Amino acid sequence: MVKSVGKNDRKLSIIVLVTFLFGCSEPKKDPQNAYNHLSEAPIDLGIISQDATVAAFLYGGKVTVSDISSAKIMNQFEVDQLNASDLSLSQDNSLLAVSFENKLSVWDLRKNALKGQFSIAGHSEFAKISQVVIYANPMLVLAGMTDGTLNLVDFENKLTKQAKLHDAKISHLNLGEHRQLIMSAGHDGQIKLSHVTSLTPKYSYALEKRVTSAASGALNETLFVSDALNEQYLLKPFSDTGMPIKLNYRERFRWFRAAAFSPSGQYLATGSSKYWWTLWDAKNGRQIDAFEIESATSTAMILDMHFNKDNILTTLSSDGIIEFWDINTLAANPK
């Protein structure tokens, strides 16, 4: 049940809250927001669907898929939590993939049933799955490995492709809207765009340190990449004149964990290692404002973030709190 307790000019009034079972203080209850309890469990891994309507999270040996506006549990499956490395929802929310070391499990969410389990290998015999992305219609899986190998599994055509795209662990993966270019980034400091048919790189950019966050525009026209120190750039892969734009802030360095572009590409949102996120002008790299998230613990941080078509940003924190942010309002009325 959603309990309405007021309005908030800076955030839409729905917060999905996961409370903790053991020894944690009560979460701060802002009287200007509505909230509800999604689960009585902390979140180990958590993601938001591409359309920002569904959340999937892992805890207590189960992966749960819930509607983020009603908090209704849509699906729940038992999994090997200790070996789980990543989660992914297909673009139409019909499929869920969970990776476990060298295996991948896929569920059909509409039938509420396991679709299949598959083995995935890297170039190295010791490689494990570090990132997974699943797509439907047709069913396609991208699996990034700890040795820098990328696997593409085309289930419709029963084809598997493999390429050693990175020299270290792949930490970010995404396939463009038209499924032509794969964005990958890794602990070797490189971000790449590779052809989906041949897995050969079309564009690459290198940082000195490992990549901690990366994002791409809907058509890969703009990329964002951040390393573990002080290099954070907006890139224009297909522009002849566009030089990398460095994000502009006062501190010596910032740690970035999550990132997302608005549908128009006008704004960039980034999550930090703390309990706040930042809104940027994606045209010039200037900070518009920074916003504190709702938190139940002092270690809360954003796990995932997505824009919907109406320019509403949805954030999911490690405390299990989903928040909705009206970017048009926030950009027009910075603090």
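How many salt bridges does the structure hold? The structure holds 3 salt bridges, a salt bridge being a side-chain nitrogen of Lys or Arg within 4 Å of a carboxyl oxygen of Asp or Glu.

## Basis of the model

This is a predicted model, in which local features need pLDDT of at least 70 and side-chain atom pairs count only at pLDDT 80 or more, while totals for chains, interfaces and linings use all residues. Residues are numbered from 1 along each chain as its sequence is written, and side-chain values use heavy atoms, with hydrogens and water left out.

## Salt bridges

Asp 92 and Arg 110 form a salt bridge through their side chains, with an N to O distance of 3.9 Å. The two residues are 18 apart and link distant parts of the chain: Asp 92 is in the loop between strand E7 (84–89) and strand E8 (95–100), and Arg 110 is in the loop between strand E9 (103–108) and strand E10 (113–119). Strands (E, at least two residues) are DSSP runs, numbered from the N terminus. Asp 92 is partly exposed at 22% relative accessibility, whereas Arg 110 is exposed at 63%; buried means under 20% relative accessible area, exposed over 50%, and partly exposed in between (1.4 Å probe, protein chains only).

In the pair of Lys 128 and Glu 101, the closest N and O atoms are 3.7 Å apart. Lys 128 is partly exposed, at 39%, and Glu 101 is partly exposed, at 31%. Lys 309 and Asp 310 also meet in a salt bridge, at 3.7 Å from N to O. Here Lys 309 is exposed, with a relative accessible area of 74%, and Asp 310 is partly exposed, at 47%.

## A four-stranded sheet

An open sheet is formed by 4 strands in the order E23-E24-E25-E26, with antiparallel pairing; two strands pair if DSSP finds at least two bridges between them. Strand E23 (256–261) and strand E26 (287–292) are the edge strands, each pairing on one side only. From one strand to the next, the twist averages 20°, with axes as lines fitted to C-alpha atoms and angles running from 0 to 180 degrees between N-to-C directions.

Strand E25 (residues 276–281) pairs with E26 over 5 bridges in the antiparallel sense. Thr 278 has Ala 290 of E26 as its bridge partner.

## Cavity

The whole structure contains 2 cavities of 30 Å³ or more. On a 1 Å grid over the protein atoms alone, a cavity is a set of points where a 1.4 Å probe fits but cannot get out, and a pocket is an open set with protein on both sides within 12 Å along at least five of seven lines; lining residues have an atom within 4 Å of a point. The second largest cavity has a volume of about 30 Å³, volume being the space filled by probe spheres set on the points.

Its lining consists of Arg 254, Trp 255, Phe 256, Thr 270, Gly 271, Ser 272, Trp 276 and Thr 278. Strand E24 (267–272) gives the most to this lining, with 3 residues.

Strand E13 (149–154) and strand E14 (159–164) are the elements that give two or more residues to the lining.
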